[in-house]
Amino acid sequence: MYDPNTRRAPLERVIPEAGSYGGAETGGAGFAYDEATLHSLAKEWRELANEFRDDVGRAEAIARAQGPGLEYASEGNAELVRASGRALAETLQQRADYCDAMADKFVAALGKYATAEDTHATEIGDSTKGIV
């Protein structure tokens, strides 16, 4: 299992406890997570998006690089460095956007989770009315 605290994969397979792959018991294929796990995943994806955004700023600094001298070779080299910086900044921004989209999906799942909890609480409340 991926450990978000180290940003690297583990050396041995770990079976997750907080989430499970859905089947008949969850109403179909897909992953099922508890509320705490959804919060944690949304936070992790948002933090990763922020790290990418920080790196975009650094890449933009590369995209503004100037040649060390006034001769043609220096300027040509600097233009290649700037092009590389622009490409890097664009790629990092795409990564940040992807991470934000993933975080938004977990936040949306939290909304569905809360709605389901409210619905079930109301159903339980309605079913216990009149019981003495």
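The following conversation discusses a predicted model of a protein chain.

User: What should I know before reading this model?

Analyst: The model is predicted; local features need pLDDT of at least 70, side-chain atom pairs count only at pLDDT 80 or more, and totals for chains, interfaces and linings use all residues. Residues are numbered from 1 along each chain as its sequence is written, and side-chain values use heavy atoms, with hydrogens and water left out.

User: How many helices and strands are in the protein chain?

Analyst: The protein chain has 2 helices and 2 strands, in the order β-β-α-α along the sequence. Helices (H or I, at least four residues) and strands (E, at least two) are DSSP runs, numbered from the N terminus.

User: Where is confidence lowest, and where is it highest?

Analyst: pLDDT is the predictor's confidence in each residue, from 0 to 100. Its mean is lowest in strand E1 (residues 19–22), at 49, and highest in H1, at 93. Over the protein chain the average is 77, and 61% of the residues score at least 70.

User: Why be careful with low pLDDT?

Analyst: Where pLDDT is low, the predicted coordinates should not be read in detail. Residues 20–24 stay under 50.

User: Turning to H1, how many residues has it?

Analyst: Helix H1 (residues 35–63) has 29 residues. From first C-alpha to last, H1 reaches 42 Å, close to the 42 Å expected at 1.5 Å a residue; the expected span is 1.5 Å times one less than the number of residues.

User: Which residues of H1 are buried?

Analyst: They are Thr37, Leu38, Ala42, Glu44, Ala49, Val56, Ala59 and Ala63. Buried means under 20% relative accessible area, exposed over 50%, and partly exposed in between (1.4 Å probe, protein chains only).

User: And Ala103, is that buried or exposed?

Analyst: Ala103, in helix H2 (residues 72–128), counts as buried because its relative accessibility is 0%.

User: What is Ala103 in contact with?

Analyst: Leaving aside neighbours within four places in sequence, Ala103 contacts Ala42, Trp45 and Arg46; contact means heavy atoms within 4.5 Å.

User: How many aromatic pairs are there in the whole structure?

Analyst: A search finds 1. The ring centres of Trp45 and Tyr98 are 5.8 Å apart and their planes are at 75°, so the pair is edge-to-face. Rings of Phe, Tyr and Trp (its six-membered ring) pair if their centres lie within 6.5 Å; planes under 30 degrees apart count as stacked, over 60 as edge-to-face and the rest as tilted.

User: Which parts does the pair tie together?

Analyst: Trp45 lies in helix H1 and Tyr98 in helix H2, so the pair ties together parts 53 residues apart in sequence.
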